[in-house]
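The entries below keep to what I looked up.

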Amino acid sequence: MPAFSRWIRSLETTEIALAGLFVTVTIAAIYFFQLLSMQDTVTAMEKQTRLSVRPWVGLDEGLNAIQTTALVIDKDGNAGLNYIIHAKNYSNTPAASVWATAQLVVADDLNTVYKQQDSGCTDAMIGKPDIGMVLFQGRDREFVSYPSTTKIDIKHENSMIGVWMAGCIAYRDQFNYLCRTKFIWGYQDDAGHGVTLQAPVPAQTIMGHFVPTASGNAIDTCQIPKYNYGEGIYKKTPKNPN
């Protein structure tokens, strides 16, 4: 009987130990998931704080935001002009690495315009750490570009051909995230009529100006992380490439 009593007491002790272990593991799991939840909350708060103080840069107000020379089309279907972009910081926060670019597009298909816009708004073209200017809050800046030339793009028979400037303004916030404001403006003649062409397009010079359109205008969420040279995606690039 004494041996049996000792066995019973030993069994009770084991059960108590197992119960204690179970409670400990349960409490640890609860704390772990609470910690994960807190980390998610902190991350979300950091994101909201960053976005609340992000800069907002876009084309300047008015029709002079994009100024160009006359549109010149030669006998081979090449079109070209010179342009100037005026960008403005509408926020209360300075923007860094500000750069504006645009591409003249003469085409009969809006998808062609979007493709040209996308190709000009990649990291290969804009948003690099050592390219661009600082634009302080409430200020505007003029970006002078080289001439923009293109080949008239015709995808459909007997279609109307439009003239656009498709581009974007890239800039970085104080946390090195890339932000972009995209735009597509259409060409009007001096009488205020939209310029449309039809193939075959003869050589000519068209006086006019660009105006806002309802397509291709967007502001991204400023969520693309950017790095300095020697870090992140630029890890293999020397910190001072110059």
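**Entry 1: Ser91**

Leaving aside neighbours within four places in sequence, I find Ser91 in contact (heavy atoms within 4.5 Å) with Arg54, Pro55, Trp56, Gln137 and Gly138. I note that this is a predicted model, in which local features need pLDDT of at least 70 and side-chain atom pairs count only at pLDDT 80 or more, while totals for chains, interfaces and linings use all residues. Residues are numbered from 1 along each chain as its sequence is written, and side-chain values use heavy atoms, with hydrogens and water left out.

I place Ser91 in the loop between S5 and S6, where strands are DSSP runs (E, at least two residues) numbered from the N terminus. Is Ser91 buried or exposed? Ser91 counts as buried because its relative accessibility is 9%; the classes are buried under 20% relative accessible area, exposed over 50% and partly exposed in between, with a 1.4 Å probe and protein chains only. The side chain of Ser91 makes a polar contact of 2.7 Å with the side chain of Asn89, and a polar atom of the Ser91 side chain lies 3.3 Å from the backbone nitrogen of Trp56. A polar contact is a pair of N or O atoms within 3.5 Å; within protein, one must be able to donate a hydrogen and the other to accept it, and residues adjacent in sequence count only if both atoms are side-chain atoms.

**Entry 2: sheet and core**

I read an open sheet of four strands in the order S9-S4-S3-S13, with antiparallel pairing (two strands pair if DSSP finds at least two bridges between them). Strand S3 (residues 71-73) is joined to S13 by three bridges, and Leu71 stands opposite Ile206 in S13.

**Entry 3: aromatic pairs**

I looked up the aromatic pairs, and the structure holds two. The rings of Trp99 and Phe143 have centres 5.7 Å apart and planes at 80 degrees, so this pair is edge-to-face. Rings of Phe, Tyr and Trp (its six-membered ring) pair if their centres lie within 6.5 Å, and planes under 30 degrees apart count as stacked, over 60 as edge-to-face and the rest as tilted. Trp99 counts as partly exposed at 30% relative accessibility, whereas Phe143 is buried at 4%. Tyr187 and Phe210 form a tilted pair, 4.7 Å centre to centre with 45 degrees between the planes.
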